[in-house]
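Welcome, and thanks for stopping by. Shall we take a look together?

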Amino acid sequence: MEIVLKSLKDTEKLAKKITKDLAKNSGSVLALYGNLGSGKTTFTQFLAKALGVKEKILSPTFVIMKTFSLSKPVGSFKFLTHIDTYRLNSAKDLTSLGLKDLLKDKENILVIEWPEKIEKLLPKNTVRIYFSVLNEKERKVVIK
Ligand SMILES: Nc1ncnc2c1ncn2[C@@H]1O[C@H](COP(=O)(O)OP(=O)(O)OP(=O)(O)O)[C@@H](O)[C@H]1O
Ligand SMILES: [Mg+2]
């Protein structure tokens, strides 16, 4: 599926739609691809809002992985973990942070920016979202 997000409002709508799909349990891992500034963190922030995360999600420049509590469960989910592998040297570093357990955790939604580095570890039912910049306000999104 391919869509054009014409503004932040559209990105927020997409996050809400995906939250509903998650609640129906189509998978718990979202892999977000795309260049710097293409909207991965912005999408994650809207997703967190739609899921009822109270804390503000920041671009994890120094943090590789952070887990947030949902204010109330969404389907079977109680937590959202945000991973950004940008500064990671090897997949082993994340494995040592407990990634494999998280990937299996039915209560946890995992959102991964720069997932290329851990591609091999991603489960079969991973939802892959590819972001690209069209212009200042518009983003193209391909969902697989
Ligand atoms: N329709 C849109 N959807 C998402 N972001 C948009 C949109 N229009 C403009 N933007 C802006 O584009 C920027 C996207 O930055 P963001 O940090 O989300 O990118 P990123 O993909 O996470 O980059 P990085 O790889 O550096 O982590 C933000 O400043 C955001 O406000
Ligand atoms: Mg980011």
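Visitor: Which residues of α1 are buried?
Guide: This is a predicted model, where local features need pLDDT of at least 70, side-chain atom pairs count only at pLDDT 80 or more, and totals for chains, interfaces and linings use all residues. Residues are numbered from 1 along each chain as its sequence is written, while chains are lettered from A and ligands numbered from 1 in the order in which they are written. Helices (H or I, at least four residues) and strands (E, at least two) are DSSP runs numbered from the N terminus, and a buried residue has 20 or more other C-beta atoms within 10 Å of its own, an exposed one 12 or fewer, with C-beta atoms placed from the backbone. In α1 the buried ones are T11, L14, I18, T19 and L22.

Visitor: Which exposed residues does the face turned away from the buried side of α1 carry?
Guide: That face of α1 points away from the buried side. The exposed residues on it are K9 and K20.

Visitor: How far apart are the end C-alpha atoms of α1?
Guide: The expected span is 1.5 Å times one less than the number of residues. For the 16 residues of α1 (residues 8–23) that should be 22 Å, which agrees with the end C-alpha distance of 23 Å.

Visitor: Which residue just after α1 takes a positive phi?
Guide: Its phi is about 65°. The residue is N25.
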